[in-house]
Amino acid sequence: MMSSTAPSGTGEPAVAAGDDPRQYAAVLAAVYDAAMSGNRPPARPRDVISQSWGRVLDAGVDPDHGSPDHLIDAAELEARRAATPLALVLDDLTGGLDAMIADGDNILVIADASGRILWRGGQTRVLHRADRLGFIEGADWGERSVGTNAIGTALMSGGPVQVFSAEHFVRTHHTWTCAGAPIRDPRSGSLLGVVDVSGPAATIHPTTLALVGAVAKLAESQLREHHRRHLDELRAVAAPILARSSGPALAVDADGWVAAVDSVAPCSRLLLPRRPEPGRAWLHSLGACEFEPLPGGWLVRVADVQSPARTTLVELDFTEGHRPTVRISGATGSWTHRPSPRHAEILALLAAHPDGLSAAAMSEHLFGSDDRTVTVRAEMSRLRKSLGGVLSANPYRFAAGVDISTDLRGRTDEGVERRS
């Protein structure tokens, strides 16, 4: 016989092994109805559910319909996918849970830190059922939009959670069960999103939550490995530059994680300025330093304050008939980047507009219309990952402390003004 008090805590499955899901669903329905009407419930909901219901009621979510949702369009969805580190571990997430969706009863969903669904997968028949709930790519499944659910509630509670039947706040979701686990950035601990498995309530299994939680931890482990490889790549680029450096220096990634040091006390992370740019800046731990961009990071040299600050030279070689090349040179060395044709077009455009351009203005130049701003932001996000601190935003432009040399001979790209 099921206890009249549901289990508490965030890490426990909604239904334990040996429980009858149908009986449990009936108890939850009675608890839900009492809670919504203000009457005394026949049992106490789990702590994680009770706390969620409190947040959702305070937010004014409609238990019959949820809150109005504004779907993001395909361009913004693609931009969010491109920007999130979850894209790096998409195969790990989907591969680890393939067995859960193979029989067609469940769908796999990956959402970002705001609860937006970025990807989903499953058999057609269960996807059609999800469509009717608005459980689709681009939809907001945070608690303030659709009430208590495994995606939004995992984000708010910070731990894995399974939400079964009438534990969902919105009544139309009561025929479903879902299990979600948050994924954190292993470097900072910040939330990146949630991996979720959802399906009809009758398909609930006590082990689902544990499996989803294990896959989330695997994704975090893979993200840690991606970061390690990035630091290795940065170290390989920086090594010959550091060898030529005449004083103390470090190579760090964009977040300040240290890839290599020379004549500096070893440390794991350097606290960088909020928006570092090429040139001289003051660091509390090192004093005056020169910042030179590296692919995906910075060379930070302890500066000789008696010497003038040095600039970074960016040479754009986009001559017709040759593969576009970007060469970045600092005081101690240089490195090259091979941009795609689209990125070469963007760099040429920014070189022609040293004061910078808004996303709308760039869209007008690149596409002949100012309504492709999401695409512009996505491309700039990718480009800035490759070129580090060479580029700045708001407006988009080459960073202060950068000198530009361009060779655009023979190019006829429409919409690109030229400076040589």
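In the predicted model, five strands are arranged as an open sheet in the order S7-S6-S10-S9-S8, with antiparallel pairing. Strands are DSSP runs of E with at least two residues, numbered from the N terminus, and two of them are taken to pair if DSSP finds at least two bridges between them. Strand S7 (258–262) and strand S8 (279–283) stand at the edges with a single partner strand each, so one side of each has no neighbour in the sheet. From one strand to the next, the twist averages 25°, where axes are lines fitted to C-alpha atoms and angles run from 0 to 180 degrees between N-to-C directions.

Glycine 279 is placed opposite phenylalanine 291 in S9. A hairpin is formed by S8 and S9, with 3 residues between them.

The numbering of residues starts from 1 along each chain as its sequence is written. For this predicted model, local features need pLDDT of at least 70 and side-chain atom pairs count only at pLDDT 80 or more, whereas totals for chains, interfaces and linings use all residues; side-chain values use heavy atoms, with hydrogens and water left out.

The domain assignment, which is automatic or taken from a database, divides the chain into domain 1 (21–226), domain 2 (245–302) and domain 3 (312–407). The C-alpha centres of domain 1 and domain 3 are 39 Å apart. Contact (heavy atoms within 4.5 Å) links 6 residues of domain 1 with 6 residues of domain 3. The area buried between domain 1 and domain 3, defined as the accessible area (1.4 Å probe) that two parts lose on being put together, summed over both, is about 400 Å², and carbon and sulfur atoms give 61% of this area. On the side of domain 1, Ala75, Ala79 and Ala82 lose the most area to domain 3, together 66% of what that side buries. The number of salt bridges between domain 1 and domain 3 is 0, under the criterion of a side-chain nitrogen of Lys or Arg within 4 Å of a carboxyl oxygen of Asp or Glu.

Two backbone features are located in loops. The peptide bond from asparagine 394 to proline 395 is cis, with omega near 0°; proline 395 lies in the loop between strand S14 (391–392) and strand S15 (397–398). Serine 165, a residue other than glycine, has a positive phi near 50° and is found in the loop between strand S3 (161–164) and strand S4 (176–184).

How values were computed
Helices (H or I, at least four residues) and strands (E, at least two) are DSSP runs, numbered from the N terminus.
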